[in-house]
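Subject: Structure handover and notes

Hello,

Please find the structure below, followed by notes on what was found in it. Cut-offs are given where a term first comes up.

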Amino acid sequence: MPKMKFASFLCAVLLLLTGCASKDDFADYSVTEYPPIEYLSAETEFSEYDGNVEKIEVFLSNHRDEAFHFDYVWWLEKEVDDGWKGIRFLKEREFDCLDRSMKRGSVHILCNLKDNVKQPLLPGHYRLWVGGEDGRVPAEFTIKE
């Protein structure tokens, strides 16, 4: 009889853990949708990733000769039925305050997901916002099933 109770208890715990693992970890903030910046674009290295992706490289491109001031700050969102929702960070992130600028060309921004968001990411359509104080643009990608 004790084995039966233990087995039932174990099944209940496993069901709870499975249910918890299948939910997105949305933040209580909303990433502001910035107005489009015609001279700026961003794209991820690949259009599709596995849910266990640890890092994603985003290429931020300036298509004009004037300097654009950027930083390495990024925000992650997932598309849901009623729009986009921010993904919660696991801890407070530290940012440096260095002023970086680029003229026409691209820079890569490494987004370390492993240390900052709950893994694995669930299947769906995501976007990483990158840029700087003067504006940010999204780089979209998909997490495959």
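A residue is called buried at under 20% relative accessible area, exposed at over 50%, and partly exposed in between, with a 1.4 Å probe and protein chains only. The model is predicted, so local features need pLDDT of at least 70 and side-chain atom pairs count only at pLDDT 80 or more, while totals for chains, interfaces and linings use all residues. Residues are numbered from 1 along each chain as its sequence is written, and side-chain values use heavy atoms, with hydrogens and water left out.

Overall content

The protein has 1 helix and 10 strands, where helices (H or I, at least four residues) and strands (E, at least two) are DSSP runs numbered from the N terminus. Along the sequence the pattern is α-β-β-β-β-β-β-β-β-β-β. Of the 145 residues, 34% are buried.

Sheet

Five strands form an open sheet in the order E2-E10-E9-E5-E6, and the pairing is mixed. Two strands count as paired if DSSP finds at least two bridges between them. Strand E2 (48–49) and strand E6 (83–86) are at the edges with a single partner strand each, so one side of each has no neighbour in the sheet. Strands of a sheet pair through backbone hydrogen bonds, either parallel or antiparallel.

E2 pairs with strand E10 (residues 135–143) in the parallel sense, over 2 bridges; here Tyr 49 stands opposite Ile 143. E5 pairs with strand E9 (residues 124–132) in the antiparallel sense over 4 bridges, and Leu 76 faces Leu 128 of E9. E5 also pairs with E6, again antiparallel and over 4 bridges. In that pairing Glu 77 is opposite Gly 86, and the two strands E5 and E6 make a hairpin with 2 residues between them.

Aromatic pairs

Rings of Phe, Tyr and Trp (its six-membered ring) are paired if their centres lie within 6.5 Å; planes under 30 degrees apart are stacked, over 60 edge-to-face, and the rest tilted. The count by this rule is 8 aromatic pairs. One of them is Tyr 49 with Phe 141: the ring centres are 5.6 Å apart and the planes stand at 90 degrees, so the pair is edge-to-face. This pair links distant parts of the chain, with Tyr 49 in strand E2 and Phe 141 in strand E10, 92 residues apart. Tyr 49 is buried at 8% relative accessibility, and Phe 141 is buried at 1%.

Trp 74 and Phe 89 form another edge-to-face pair, with 5.4 Å centre to centre and 65 degrees between the planes. Trp 74 is in the loop between strand E4 (68–70) and strand E5 (75–80), and Phe 89 is in the loop between E6 and strand E7 (100–102), so the pair ties together parts that are 15 residues apart in sequence. Both Trp 74 and Phe 89 are buried. Ring pairs also join Phe 46, Tyr 49, Tyr 126 and Phe 141 into a cluster.

Charges over rings

A charge is taken to sit over a ring if NZ of Lys or CZ of Arg is within 6 Å of the ring centre and within 35 degrees of the ring normal. The charged end of Arg 64 is over the ring of Tyr 39, 3.7 Å from its centre. Lys 85 lies over the face of Phe 26, at 5.2 Å from the ring centre.

Cavity and cis peptide

A cavity is a set of points, on a 1 Å grid over the protein atoms alone, where a 1.4 Å probe fits but cannot get out; lining residues have an atom within 4 Å of a point. Grid points are joined across faces, edges and corners, and a volume is the space filled by probe spheres set on the points. There is 1 cavity of 30 Å³ or more, and the volume of the largest cavity is about 90 Å³. It is lined by 10 residues, and the closest to its centre are Asp 24, Asp 25, Lys 118, Pro 120 and Leu 121. By class the lining has 6 nonpolar, no polar and 4 charged residues. For these classes, Ala, Val, Leu, Ile, Met, Phe, Trp, Tyr, Cys and Pro are nonpolar, Asp, Glu, Lys and Arg are charged, and the others, Gly among them, are polar.

Pro 120 lies in the loop between strand E8 (105–112) and E9. The peptide bond that joins Gln 119 and Pro 120 is cis, with omega about -10 degrees.

Regards

Notes
On a 1 Å grid over the protein atoms alone, a cavity is a set of points where a 1.4 Å probe fits but cannot get out, and a pocket is an open set with protein on both sides within 12 Å along at least five of seven lines; lining residues have an atom within 4 Å of a point.
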